[in-house]
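Thanks for asking me to look this one over. My notes follow as numbered points, to be read with the structure open beside them.

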Amino acid sequence: MEKLYEGKAKILYPEGPDTLRVYFKDEATAFNAQKRGLIPGKGVVNNKVSATLFRYLEAHGVRTHFLEELSDREMRVLRVEILPLEVILRFKAAGSFAKRYGVKEGTPLRAPLVEYSLKSDPLGDPLICPEAILALGLATEEELSQVKATTLKVGELLRDFFAQRGLDLIDFKLEFGKRKGEILLADEISPDTMRLWDQKTGESMDKDRFRKDLGGVEEAYQEVLRRVLRG
Ligand code: C5P
């Protein structure tokens, strides 16, 4: 079947005028695709983790693009017009934030911090401030305030969800889309797009294992799926 779009981790296939089929791949990239590899079984984990989290968020009043799981690696979603923003929520310093400000990974932040970057491979997803988002017309003031409020709500819900499963949610990335004037949570929520540390050992249970060549990548993804499905 003809692809609508192929990204680094997913393929989108058109269905009807209103829906898409998303296929989750095992390919992994990091550092703006300078590092490439394969994480066997990742597509299955990311599809099932994302589906479970979208259902959980919907049950708590968050509107998402998710419709249903179609197979181990596929889900059906609503077509949306993706806002060209990556919305990051941080509870503790890690990754690019820890590096940028010279703070130790794991340093707690006084309050959850929302950051935005511009989705652009050629520019390497640069950070963008809310004023620049508005000045460039990437979102309206109302859309941006809804995106921020939803991100903070998702953060609280996901932090609780993972805490009950022995995992500390450090940070995560969301993407949003517009459909008939409504803002919906879109893309995926998976160990590719979150940092999860085991509460007992402090070990990374996410894509940082791939980024930093820590080993045990497949096992960490499988363990996250196991805990997510445990309910
Ligand atoms: O690298 P950085 O610290 O900015 O990442 C913050 C969070 O956003 C991490 O959970 C990371 O996995 C996620 N992220 C992502 N896609 C990107 C950049 C970051 O999912 N392009």
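1. Lys180 counts as exposed, since its relative accessibility is 75% and exposed means over 50%. This residue of the predicted model sits in the loop between E11 and E12. Its backbone deserves a look too: Lys180 is not a glycine, yet its phi is positive, at about 50°. For background, most residues other than glycine have a negative phi.

2. Phe31 is another non-glycine residue with a positive phi, again of about 50°. You will find Phe31 in the loop between strand E4 (27-30) and strand E5 (35-38). With a relative accessible area of 49%, Phe31 is classed as partly exposed, because the exposed class begins over 50%. I would read that label with the cut-off in mind.

3. On to the ligand site. The ligand is surrounded by 15 residues, and the closest are Arg90, Ser96, Asp171, Arg195 and Arg211. By residue class, this shell holds eight charged, three polar and four nonpolar residues. Four elements each contribute at least two shell residues: strand E9 (85-92), helix H2 (95-101), strand E11 (167-179) and strand E13 (194-198).

4. Asp171 belongs to strand E11 and has a relative accessible area of 4%, so it is buried. Its side chain makes a polar contact of 2.7 Å with the side chain of Arg195 and another, of 3.4 Å, with the side chain of Arg90. Setting aside neighbours within four places in sequence, Asp171 is in contact with Leu89, Arg90, Ala94, Met194 and Arg195.

5. Is Leu184 buried or exposed? Leu184 is buried, as its relative accessibility is 0% and buried means under 20%. Leu184 is part of strand E12 (residues 182-186). Beyond the four places on either side in sequence, Leu184 touches Arg63, Thr64, His65, Leu78, Val80, Glu175, Phe176, Gly177 and Arg179.

6. Asn47 is a polar residue to check. Asn47 is located in helix H1 (residues 42-59), and its relative accessible area of 0% makes it buried. What does its side chain reach? The side chain of Asn47 comes to 2.8 Å from the backbone oxygen of Asp72. Asp72 is also one of the residues that Asn47 touches outside its four-place neighbourhood in sequence, along with Phe24, Glu69, Ser71, Arg73, Glu74 and Met75.

7. For Cys129, the setting is a loop, between strand E10 (108-118) and helix H3 (130-135). A relative accessible area of 38% puts Cys129 in the partly exposed class. Cys129 and Val49 are 80 residues apart in sequence, and their C-alpha atoms are 30 Å apart in space.

8. Last, the chain as a whole. The fold comprises six helices and 13 strands. Its radius of gyration is 17 Å, close to the 17 Å that the globule rule gives for 231 residues, so the chain is as compact as a globular protein of that length. The C-alpha trace spans about 45 × 40 × 35 Å along its principal axes.

9. A few totals complete the picture. Buried residues make up 51% of the 231 in the chain. The accessible surface is about 11,200 Å², with 52% of it belonging to carbon and sulfur atoms. Among contacts in the chain with a separation of 6 or more, 58% come from residues 24 or more positions apart.

Definitions and conventions: Residues are numbered from 1 along each chain as its sequence is written. This is a predicted model: local features need pLDDT of at least 70, side-chain atom pairs count only at pLDDT 80 or more; totals for chains, interfaces and linings use all residues. Side-chain values use heavy atoms; hydrogens and water are left out. A residue is near a molecule or strand if one of its heavy atoms lies within 4 Å of it. Ala, Val, Leu, Ile, Met, Phe, Trp, Tyr, Cys and Pro count as nonpolar, Asp, Glu, Lys and Arg as charged, and the others, Gly among them, as polar. The radius of gyration is taken over C-alpha atoms; the globule rule is 2.2 Å times the number of residues to the power 0.38. Buried means under 20% relative accessible area, exposed over 50%, partly exposed in between (1.4 Å probe, protein chains only). Contact means heavy atoms within 4.5 Å. Accessible areas come from the Shrake-Rupley method with a 1.4 Å probe; for residues, only the protein chains shown count as cover. A polar contact is a pair of N or O atoms within 3.5 Å; within protein, one must be able to donate a hydrogen and the other to accept it, and residues adjacent in sequence count only if both atoms are side-chain atoms.
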